[in-house]
Amino acid sequence: MLSTAEMRVSSGKRTQFISITRQIVELVTRNGWQDGILTVYVPHTTAAVTINENADPDVARDMEWFSDELIPRSRHFRHGEGNSDAHIKASFFGSSLQVIVREGKLWLGTWQGIYFCEFDGPRERKVYVAFTG
Ligand code: ZN
């Protein structure tokens, strides 16, 4: 059976990796989701989601910095909105991910956390979450 929920995320910078692990844990607890697969989905074309290290915040800072180094904003892109770099970064990281839920808990590795990846902020964003149990 499928259950769904929607979350809000506000970014404060143009490129920003925001940990949403706690919000997702709260959502799982609030909905009483026990055993199944959780899909985290971003309905935007200039944002993404990823799982990475949650222990040292410098890892997320390095990913922000390197994303901008690798795909700079000021290339001669054709797209008139001027945010092609953000579209490319969003596709590189991907618009969804899955996490296993066991006995009401996210089955993540010790150092893992879930990040919302903002590439064209600051903005108010949505994250869709679906649980299949
Ligand atoms: Zn655009």
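In the predicted model, Asp120 has a relative accessible area of 10% and is therefore buried, the cut-off for this class being under 20%. Asp120 is located in the loop that connects strand S7 (112-118) with strand S8 (124-132). Apart from neighbours within four places in sequence, the residues in contact with Asp120 are Arg14, Thr46, Asn83, Ala86 and Arg125.

Ala86 is also one of the buried residues of helix H3 (residues 84-93), which are Ser84, Asp85, Ala86, Lys89 and Ala90. Strand S4 (47-53) and helix H2 (57-70) are the elements against which the buried residues of H3 pack. Gly94 follows H3 and has a positive phi, near 100 degrees.

Five strands form an open sheet in the order S1-S8-S3-S5-S6, and their pairing is antiparallel. Strand S1 (2-10) and strand S6 (105-106) are the edge strands, each pairing on one side only. Between S5 and S6 the antiparallel pairing extends over two bridges, and Arg102 is placed opposite Lys105 of S6. Helix H1 (residues 21-31) packs on this sheet and touches S1, strand S3 (36-41), S5, S6 and S8. The direction of H1 makes about 150 degrees with that of S1.

Strand S5 (residues 96-102) also contains Ile100. The relative accessibility of Ile100 is 39%, so this residue counts as partly exposed. Together with Ile37 and Trp107, Ile100 makes a nonpolar surface patch of about 290 Å².

Key:
Residues are numbered from 1 along each chain as its sequence is written. This is a predicted model: local features need pLDDT of at least 70, side-chain atom pairs count only at pLDDT 80 or more; totals for chains, interfaces and linings use all residues. Side-chain values use heavy atoms; hydrogens and water are left out. Helices (H or I, at least four residues) and strands (E, at least two) are DSSP runs, numbered from the N terminus. Buried means under 20% relative accessible area, exposed over 50%, partly exposed in between (1.4 Å probe, protein chains only). Contact means heavy atoms within 4.5 Å. Patches are made of residues with over 30% relative accessible area and no salt bridge: like charges are joined within 9 Å, nonpolar side chains (Val, Leu, Ile, Met, Phe, Trp, Tyr) within 5 Å. Accessible areas come from the Shrake-Rupley method with a 1.4 Å probe; for residues, only the protein chains shown count as cover. A salt bridge is a side-chain nitrogen of Lys or Arg within 4 Å of a carboxyl oxygen of Asp or Glu. Two strands pair if DSSP finds at least two bridges between them. Axes are lines fitted to C-alpha atoms, for helices over the stretch in contact, and angles run from 0 to 180 degrees between N-to-C directions.
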